[in-house]
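Biologist: Hi, could you walk me through this model? I'd like to begin with the overall picture and then go into some details.

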Amino acid sequence: MEIWKRNLAICCCASFIVSVGMSQMAPILPLYIESLGINNFQEIERWSGIIFSCNFISLAIFSPIWGRLSDKYGRKPMTLRASLWLGIIMVGMGLAQNVYQLAGLRLAQGAMSGFQAAIIPLIAQSTPKEHSGWALGIFFTSQVSGALLGPLFGGLLSETVGYRENFFIIGACCFVGFLLLFLLKENFHPQPQIAALTLSRTFNALPDKKLIIGLFVTTLIMQFALMSIQPIITVYIAQLAASPEHLALIAGIVFSCAGFASMLSASHIGRLADTIGSQKILFISLLLSGCSFILQGFVRTPAELGALRFILGIATAGLLPSVNNLIRQYTPSACLGRIYGFNQSAQFLGMFAGSFLGGHLAALIGIKNVFFITALLLLLNAVWCRVMIYHPKRSN
């Protein structure tokens with residue numbers, strides 16, 4: 001097997017296992033917070049939001065730093081460091097005695113992990129350019145697959161072994177990923193003169209600086225749009241459902257429709273991107289996402305919402321992999337980790353802003369209007385993409 005295919009297989013397996021572990025945390029976090037002595041329902045909600053979102057802030061700050069270090073020392077050492085740190089942090093969370101310790105550990109998790117900031121440039125750099133869209137699509141599929149299975153395992157494990165023990169199992173998943181990543185083979189040759197460049201010189205060294213910065217903005221907007229709906233989707237389903245019975249089950253099914261569609265379509269879309277160009281896939285995906293959100297604001301039943309979220313999942317499968325592939329195409333290899341790190345910062349800032357503001361916007365203007373505002377952002381982004389990226393001279 002070619003080295004790049006072997007590395008891709010290892011990265012996908014490790015990412016799948018880590019995603020299965022890490023995605024178990026979200027559904028059990030409020031229950032774990034309650035077990036730490038927070039009994040008031042509103043306080044549980046408040047602490048859940050604080051603890052869940054503070055990780056995104058530290059990730060946004062530190063991702064470029066770890067990206068720069070990956071340019072200097074190699075991608076493999078950074079992936080090993082990040083996966084090992086995740087395992088240690090998860091064990092620490094299982095030992096936490098109060099919510100303050102838990103919040104501190106979540107901040108430390110984001111500050112020291114940088115898993116994506118190392119593993120994505122490793123895949124992008126080791127894969128031939130003509131196959132990079134497919135490779136990043138496959139990697140995205142492994143992430144989404146793990147994220148879909150994780151909450152199911154987390155719920156089952158919490159009922160059988162307990163909340164604290166569940167964090168130890170999440171840590172064990174991260175340690176398994178750490179061991180798998182030892183099998184990677186990286187042919188890394190550091191270029192000290194590039195690694196030592198300042199921030200301004202790094203961006204000046206890019207052949208198309210405006211395009212790269214525009215891709216950062218695109219990443220931020222798409223993550224804001226996707227995450228702004230997350231806190232309110234269950235409330236929206238409750239308004240649509242004819243009966244409150246089995247609401248949690250219905251919400252879970254509707255919620256997972258997008259992830260299931262992304263899992264099925266990501267590799268196919270990635271292969272198509274290698275054929276027609278990632279800029280075209282990005283434009284179409286933004287357009288399809290915006291139209292999907294408009295229609296979601298008009299649905300009358302949970303089934304209609306689920307069908308539209310399935311379409312959204314197909315569109316989502318073309319968004320982030322296309323951005324990552326375009327960054328790969330227009331960034332010199334020597335500073336690839338740093339640029340991916342900045343893109344990760346944009347991603348996490350969008351996730352934080354979307355998850356934080358989504359509920360507040362729904363309270364101010366109504367849930368349906370949040371869908372329409374989200375759609376407008378995505379469609380405006382599609383127009384920008386059509387003008388700035390979708391260009392005959394810019395082909396993969």
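**A chat about the fold**

Modeller: Happy to! Of the chain's 396 residues, 54% count as buried. Keep in mind that this is a predicted model.

Biologist: Thanks. How many helices and strands are there in the chain?

Modeller: The chain has 18 helices and zero strands.

Biologist: Let's talk helix packing. How do H14 and H18 cross?

Modeller: Helix H14 covers residues 278–296 and helix H18 covers residues 367–388; their axes come within 8 Å and cross at roughly 160°. Angles over 145 degrees count as roughly antiparallel, and therefore H14 and H18 are roughly antiparallel to each other. H14 passes H18 in a left-handed crossing.

Biologist: Which residues make that contact?

Modeller: On H14 they include Leu282, Phe283, Leu286, Leu287 and Phe293, and on H18 they include Phe371, Phe372, Leu378 and Leu379. By class, the contact of H14 with H18 has 14 nonpolar, six polar and one charged residues.

Biologist: Nice. What about H4 and H5, at what angle do they cross?

Modeller: Roughly 175°, and the axes of H4 and H5 come within 10 Å. H4 and H5 are therefore roughly antiparallel to each other. From H4 the contact includes Arg81, Trp85, Leu86 and Ile89, while from H5 it includes Leu102, Leu105, Arg106 and Met112. The residues in the contact of H4 with H5 are 10 nonpolar, two polar and two charged.

Biologist: Where is Asn98, and is it buried or partly exposed?

Modeller: Asn98 sits in the loop between helix H4 (75–94) and helix H5 (99–112). With 27% relative accessibility, Asn98 counts as partly exposed. The C-alpha atoms of Asn98 and Ile38 are separated by 8.9 Å, although these residues are 60 apart along the chain.

Biologist: Switching topic: where does Pro121 lie?

Modeller: Pro121 is in helix H6, residues 115–126.

Biologist: Why does Pro121 count as buried?

Modeller: Buried means under 20% relative accessible area, and Pro121 counts as buried because its relative accessibility is 0%.

Biologist: So what is Pro121 in contact with?

Modeller: Setting aside neighbours within four places in sequence, Pro121 is in contact with Arg75, Gln116, Leu336, Gly337 and Tyr340. There is also a C-alpha separation of 9.7 Å between Pro121 and Cys335, which are 214 residues apart along the chain.

Biologist: One more! What does Gln223 touch?

Modeller: Not counting residues up to four places away in sequence, Gln223 touches Leu320, Gln347, Gly350 and Met351. Gln223 itself is in helix H11, residues 209–229, and is buried, with a relative accessible area of 9%.

Technical notes:
Residues are numbered from 1 along each chain as its sequence is written. This is a predicted model: local features need pLDDT of at least 70, side-chain atom pairs count only at pLDDT 80 or more; totals for chains, interfaces and linings use all residues. Side-chain values use heavy atoms; hydrogens and water are left out. Helices (H or I, at least four residues) and strands (E, at least two) are DSSP runs, numbered from the N terminus. Buried means under 20% relative accessible area, exposed over 50%, partly exposed in between (1.4 Å probe, protein chains only). Axes are lines fitted to C-alpha atoms, for helices over the stretch in contact, and angles run from 0 to 180 degrees between N-to-C directions. Angles under 35 degrees count as roughly parallel, over 145 as roughly antiparallel, 65 to 115 as roughly perpendicular and the rest as oblique. A crossing is left-handed if the near helix is turned anticlockwise from the far one by less than a right angle, and right-handed if clockwise. Contact means heavy atoms within 4.5 Å. Ala, Val, Leu, Ile, Met, Phe, Trp, Tyr, Cys and Pro count as nonpolar, Asp, Glu, Lys and Arg as charged, and the others, Gly among them, as polar.
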